[in-house]
Amino acid sequence: MQRLYSFVIIIFILAVVAVGGFWTFRSQQASAPSEQASFFADSTPLDGSTLPASPTAVVLNFTSDVTRVESFTLQSESGEVITSAEPLIDELATTVRLPLDQQLADGSYRADFTICFGDEQCQEGSLEFAVDRAALEAFTDLRGQPTVSIDLDQLAFNPANVIVSPGTTVTWKNLEGLEHYVNTDTHPYHTYEFDMNSRKLNLDDEFSHTFEQAGAYPYHCSAHADVMAGTIVVDDGQDPV
Ligand SMILES: [Cu+2]
């Protein structure tokens, strides 16, 4: 009788160990990462966007510090690789930029990149954008003027979309009692044209930026990013390559 008792207890213990082990194994499997988390946040130009002129750079924003750029290239839809300067990691190490040393012609482009983070975790990615200068027909043409003024009023930039010449100083002035900002894209990273970020602009406050390099500069107000946006296009009069 005592032996049967011991036998039942041993069987019970074995069963508990077996079931416990099985559950531990199951939960370990469930918590094992099925896919590497992506550090990619967004870019300027945005993936899938169309710009009214060439970008001055392709800028990538990540959610972790970049330690190394394994590769970062841009190609046209025909597969031609666009000759560009070396990719750079910004002082703010979550941003990587590929400066463009030429104006992109109208068409579609694809950027491919492999970016490395701490512990040599490298991630591949790509994005596509287009350049279509047909949109410039709807822009306010202010070429040839050394200074240009843009009002911030009624939750809008006015005029919102302008063409200026290289060397033009654009001054934004807030005409209403709402706090506004001038911020380079994207929101909330504000990394594309770093000096195009204002402090908070109260009523009658101004902010200026001088545009030297030809290209498209999409921007927005970070306090009203969903409704307040505009684009400065700097046109140097030269045909794109
Ligand atoms: Cu605003």
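View 1. The structure is a predicted model: local features need pLDDT of at least 70 and side-chain atom pairs count only at pLDDT 80 or more, while totals for chains, interfaces and linings use all residues. Residues are numbered from 1 along each chain as its sequence is written. Strands (E, at least two residues) and helices (H or I, at least four) are DSSP runs numbered from the N terminus.

**View 2. Histidine 187 in the loop between E14 and E15.** Histidine 187 sits in the loop between E14 and E15 and counts as partly exposed, with 15 C-beta neighbours inside 10 Å. Leaving out residues up to four places away in sequence, histidine 187 touches His220, Ser222 and Ala225; contact means C-beta atoms, placed from the backbone, within 7 Å. Alanine 223 is 36 residues from histidine 187 along the chain, and their C-alpha atoms are separated by 10.0 Å.

**View 3. The open sheet of four strands, E11-E10-E13-E15.** The pairing in this sheet is mixed; two strands pair if DSSP finds at least two bridges between them. Strand E11 (156-158) and E15 are at the edges with a single partner strand each, so one side of each has no neighbour in the sheet. From one strand to the next the twist averages 25°, with axes fitted to C-alpha atoms and angles running from 0 to 180 degrees between N-to-C directions. E10 and E11 pair in the antiparallel sense over three bridges, and aspartate 153 stands opposite alanine 156 in E11.

**View 4. Strand E13 (residues 168-174) and its two partners.** Strand E10 (residues 147-153) is joined to E13 by six bridges and runs parallel, with valine 148 opposite valine 170. Six bridges also join E13 to strand E15 (residues 206-211), here antiparallel; lysine 173 stands opposite glutamate 206. The covered face of E13 holds Thr168, Val170, Trp172 and Asn174, and the uncovered face holds Thr169, Thr171 and Lys173.

**View 5. Valine 170 and the largest nonpolar core.** Which residues of the largest nonpolar core touch the most other members? They are Ala111, Val164, Val170, Val182 and Ile232, out of 45 residues. Such a core is a set of buried Ala, Val, Leu, Ile, Met, Phe, Trp, Tyr and Cys residues joined through C-beta atoms within 7 Å. Strand E3 (residues 57-62) supplies the largest share, five residues. Domain 1 (40-134) and domain 2 (139-234) each contribute at least three residues, the domain bounds coming from an automatic or database assignment. Not counting residues up to four places away in sequence, valine 170 touches Val148, Ile150, Val164, Ser208, His209, Phe211 and Ile232.

**View 6. The open sheet of five strands, E9-E12-E17-E16-E14.** This sheet also has mixed pairing. Strands E9 (140-141) and E14 (183-184) stand at the edges, each with a single partner strand, so one side of each lacks a neighbour in the sheet. E9 pairs with strand E12 (residues 161-164) in the parallel sense over two bridges; threonine 140 has valine 162 as its bridge partner.

Notes:
Buried ≥ 20, exposed ≤ 12 C-beta atoms within 10 Å, placed from the backbone. Contact = placed C-beta atoms within 7 Å.
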